[in-house]
Amino acid sequence: MPPNLCLILLLCISTSTTRATAIGLNWGTAASHPLPPPRVVELLKNNNIARVKLFDADPLVLQALSGSKIAVTVGIPNSMLRSLNSSKKAAESWVHDNVTRYVSSSGRASGVRIEYVAVGDEPFLQSYGDQFQPFVIGAATNIQTALIRANLASEVKVMVPCSSDTIQSESNLPSKGHFRSDLNKTMSHLLTFLNKHHSPFFVNISPFLSLHQNKNISLDFSIFKETAHPHSDSHRTYKNSFDLIYDTVVTALSTVGYQEMDIVVGQIGWPTDGAANATSSIAETFMKGLIRHLQSKSGTPLRPRVPPTETYIFSLLDEDQRSIAAGNFERHWGLFTFDGQAKYHVDLGQGSRNLVNAQNVNYLPSRWCVVNNNRDLSNATASASEACSVADCTALSLGSSCFNISWPANISYAFNSYYQQHNQQAASCDFGGLGLITTVDPSMEKCRFSIQLHTSHSSSLHPLHLLHQMLLAAATILVCFSQF
């Protein structure tokens, strides 16, 4: 998946064995109007979440987590890997500013319980080429050295989150799993490093993407349906996509001599919008099947009765600024909507079947921007396309929740998305006189016309990233409006 500021949450599930199974949640913050950190920490506590993982080290987030007793993983963005690889001093400075400054100790009950440093965010993603790969091992080594010098190495471990395409199998069978050939040397160094410092191998798994990329994988097989047709690999039988992908990772590790290394599933989830088979109903079925499978402690054919050390679900909240290079579904992975409201209920092992919604959420006023039906709408499609080049219109794309709303309601959706992203400024609902501000909610059926959050921390895209997003949005725009 593309880079992304992200938090991962971890819930511990009690087991009868000496090895605990843990289930976590990724919490991404690529949102134009993110929930304020104190509200998020409150959401974590209300859902009995014991651990979080950040994909950066935002001071506001760390301050909010201070004294919460929530175990934390801080992250290093890919953009910093080059400098941390080349300079031990830069690594020492990063550790001081982002770990030592906040870390809890016996005399600092108000500190942050930092347990891991994540070096990069899927830096081996194939689409990146050599952009980050050459710097990962050096950066990890220098961060480890800095932790040793800060007397924190016994408390804080270093790990590298690996993308699913780090491992390949030409036959799509676990027994043929191996690391990508261009990563052989790098993976050898990484696994040696992880083994030396007793850190697990973090890898992301995506049954949803496998479903879309592999014609031999069925929906039932992907979402743990008992009626799914099993897949065979020699004398082993696979009943779900998760086990199939996981054992491909096990084989890759075993082939290079690390058959006993602990594996952590860094990301796994199911989106609820933006693509075919991306619905809340299917996501709920997948999530309940995954949790049931993990809690059974049955393991996989290659690792029976040995489930992943930890499994992190992707993700906590929807994010309207995630890159849609992989698809419009990228902005709809959340168990909760952008404002912290549960899309469905699932027992993550915290002792309750119902997820607790975010409380005391501060919204902008109850106002929406819609098309003015009393105006000449011959140019409305062009205005909507312009709005969608900046705002999030992924719910309008083929197969999504708002795809079936008719013209000009889809124009109104585009106008409102733009209006909300710009904090309901009157000028952002002009569109050459085609826009109209209303206090009547235009939402219909399953298509929600959102009101954005009132926050002083609303973000904007970097100009180059914005241009990239505008180009990607063009495909969505054509699908949304070309028929009218």
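Buried means under 20% relative accessible area, exposed means over 50%, and partly exposed lies in between (1.4 Å probe, protein chains only). Strands here are DSSP runs of E with at least two residues, helices are runs of H or I with at least four residues, and both are numbered from the N terminus. In a regular strand the side chains alternate between the two faces of the sheet.

β15 runs antiparallel to strand β16 (residues 435-438), and four bridges join them. Two strands pair if DSSP finds at least two bridges between them. Opposite Val371 stands Gly435 in β16.

## The model and the whole chain

This is a predicted model, in which local features need pLDDT of at least 70 and side-chain atom pairs count only at pLDDT 80 or more, while totals for chains, interfaces and linings use all residues. Residues are numbered from 1 along each chain as its sequence is written, and side-chain values use heavy atoms, with hydrogens and water left out.

The chain has 13 helices and 16 strands. It has 484 residues, of which 56% count as buried. Take the contacts in the chain with a separation of 6 or more: residues 24 or more positions apart account for 71% of them. Contact means heavy atoms within 4.5 Å. The chain exposes about 20600 Å², and carbon and sulfur atoms supply 51% of that area. Accessible areas come from the Shrake-Rupley method with a 1.4 Å probe; for residues, only the protein chains shown count as cover.

Strand β2 (residues 21-28) is mostly covered, with eight of its eight residues buried. One side carries Thr21, Ile23, Leu25 and Trp27. The other carries Ala22, Gly24, Asn26 and Gly28. β2 pairs with β14 in the parallel sense over five bridges. Leu25 has Ile313 of β14 as its bridge partner.

β14 is also joined to β13, by three bridges, and the two run parallel. Here Ile268 has Ile313 in β14 as its bridge partner. Strand β13 (residues 263-268) is largely enclosed by the rest of the structure, because six of its six residues are buried. Strand β10 (residues 201-204) pairs with β13 in the parallel sense over four bridges. The bridge partner of Val203 in β13 is Val265.

## Two helix pairs

Helix α11 (residues 380-388) and helix α12 (residues 409-421) have axes that come within 8 Å and cross at roughly 40°. α11 is therefore oblique to α12. Angles under 35 degrees count as roughly parallel, over 145 as roughly antiparallel, 65 to 115 as roughly perpendicular and the rest as oblique. Axes are lines fitted to C-alpha atoms, for helices over the stretch in contact, and angles run from 0 to 180 degrees between N-to-C directions. The crossing of α11 past α12 is left-handed. α11 makes the contact through Ala380, Thr381, Ser383, Ala384, Ala387 and Cys388, and α12 through Ile411, Ala414, Phe415 and Tyr418. A crossing is left-handed if the near helix is turned anticlockwise from the far one by less than a right angle, and right-handed if clockwise.

Helix α5 (residues 133-149) and helix α6 (residues 184-196) pack at an angle of about 15°, with their axes 10 Å apart. That makes α5 roughly parallel to α6. α5 also passes α6 in a left-handed crossing. On α5 the contact residues are Gln133, Ile137, Ala140, Thr141 and Gln144; on α6 they are Thr186, His189, Leu190 and Phe193.

## Buried loop residues

Thr337 and Asp339 belong to the loop between β14 (310-314) and β15. Thr337 counts as buried because its relative accessibility is 15%. Beyond its neighbours within four places in sequence, Thr337 contacts Leu317, Asp318, Lys343 and Arg448. Asp339 is buried, with a relative accessible area of 1%. The C-alpha atoms of Asp339 and Asn357 are separated by 8.9 Å, at 18 residues apart along the chain.

Asp392 sits in the loop between α11 and α12. Its relative accessibility is 12%, so Asp392 counts as buried. Leaving aside neighbours within four places in sequence, Asp392 is in contact with Asp320, Arg331, Tyr413, Ser417 and Gln421. Asp392 and Asn328 are 64 residues apart in sequence and 9.4 Å apart in space, C-alpha to C-alpha.
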